[in-house]
Amino acid sequence: MNRQDILTWLRERDERQLEQLYRQADVVRADHVGDDVHLRGLIEISSHCLRSCAYCGLRRPNQHAQRYRMSRSEILESVELAVGLGYGTVVLQSGQDHELTGDFVVDLIRQLKSASPLAVTLSLGERSLEELAAWRAAGADRYLLRFETSNRALYERIHPPLGNTRSDRIALLGHLRKLGYEIGGGVMVGIPGQTYEDLATDIETFRELDLDMIGIGPYLPHPMTPLAKEHDETQSTGGQQVPNSESMTYKVLALTRITCPLANIPSTTAVATLNRTDGLELGLMRGANVVMPNVTPMAYRRLYEIYPDKACLHEPSERFDQRLRERIRGIGRTVGIGRGDSPRMLAARRKTGAGVA
Ligand code: 5AD
């Protein structure tokens, strides 16, 4: 699929035509990563954040946000819950919170890795190379850092630097890869100011970075952010503004699967938030092969408000898990067992003849 094809599909509106794209994505998904849906237990360990991203409710200047930081024992309880539910991976996610110190995270990773065969994914923002190296050495397996948009000017508008250090998430993903992490990137769909050309470049960038994991969700305005105020006015990209719609998100998801056949791609909470009835299934049927059930303690979930009314706020983990398994079976898929390591990484290891760790 070349750039022109990608652009043509992104602009396609006829749902009957789009069914062809979705079918193709589903075939590529089945051929390359199979029918297993891998489950990752998501733990939102801190809502403190020192960044001022224009889109995110956790941004430091949002004084209405109530902040929390989970204690070590609370985190371990959530991990136990994830293990009890049979998840082979936990994802530790937070705002960029430097009071979650490098050493605290090292100890936590060591403890998790010594107690179980869990894969540990970190999603803790833009941290120093020393910290990222120390966490990898302690046993962390994967790192998620969405680059949000490949359009540098748009990125700078929505993601101001911290002090005078320029933020370059794409470069940071390269460092993470060199450190031996499985790396995950991704974007939001329908950011005010984002064009079709931008999205096509985003998808090409996924391929160039050869990502192991790719997270894609609609941009959802949070009222306590500057970008939400722009949202209504910024249909000013000359008819080129990408809508932050459910349908546009599926197009990007399907095109990403076709472009990056071996990537692990989640059906995201943001999609499920736009369509609570069957957004999760539609994501899985249009390219995705991963779901990240939230195992954060209920009391904290509503405080981790990157956007309002997240789909996971009302259902305890055990109940969600039960329904999730039924829903996965309901669309003829199976629940993955074990860590669900990156098929891209496994294929690369096979090629170089390196043993699988
Ligand atoms: N709408 C949609 N997604 C958001 N994220 C942050 N804020 C929003 C929002 N308002 C996404 C970003 C971030 C991920 C953890 O959540 O892509 O990388």
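**Conventions**

Contact here means heavy atoms within 4.5 Å. The structure is a predicted model, in which local features need pLDDT of at least 70 and side-chain atom pairs count only at pLDDT 80 or more, while totals for chains, interfaces and linings use all residues. Residues are numbered from 1 along each chain as its sequence is written, and side-chain values use heavy atoms, with hydrogens and water left out.

Apart from neighbours within four places in sequence, Trp135 contacts Gly102, Val105, Val106, Ile109, Leu122, Leu124, Arg127, Ala140, Tyr143 and Tyr181.

Buried denotes under 20% relative accessible area, exposed over 50%, and partly exposed in between, with a 1.4 Å probe and protein chains only. Helices (H or I, at least four residues) and strands (E, at least two) are DSSP runs numbered from the N terminus.

**Strands S1, S2 and S3**

Two strands pair if DSSP finds at least two bridges between them. Strand S2 (residues 89–94) pairs in the parallel sense with S3 over 5 bridges, and with strand S1 (residues 36–46), also in the parallel sense, over 6 bridges. Val91 has Thr121 as its bridge partner in S3, whereas Leu92 in S2 stands opposite Ile43.

In a regular strand, side chains alternate between the two faces of the sheet. From S2, Thr89, Val91 and Gln93 point one way and Val90, Leu92 and Ser94 the other, all of them buried. Because 6 of the 6 residues of S2 are buried, the strand is largely enclosed by the rest of the structure. Strand S3 (residues 119–123) is likewise largely enclosed, because 5 of its 5 residues are buried.

**The second largest pocket**

A pocket is an open set of points on a 1 Å grid over the protein atoms alone, where a 1.4 Å probe fits, with protein on both sides within 12 Å along at least five of seven lines; lining residues have an atom within 4 Å of a point. The second largest pocket has 16 lining residues, with Glu126, Arg127, Thr165, Arg166 and Leu172 nearest its centre. Helix H7 (residues 169–178) gives the most to this lining, with 4 residues.
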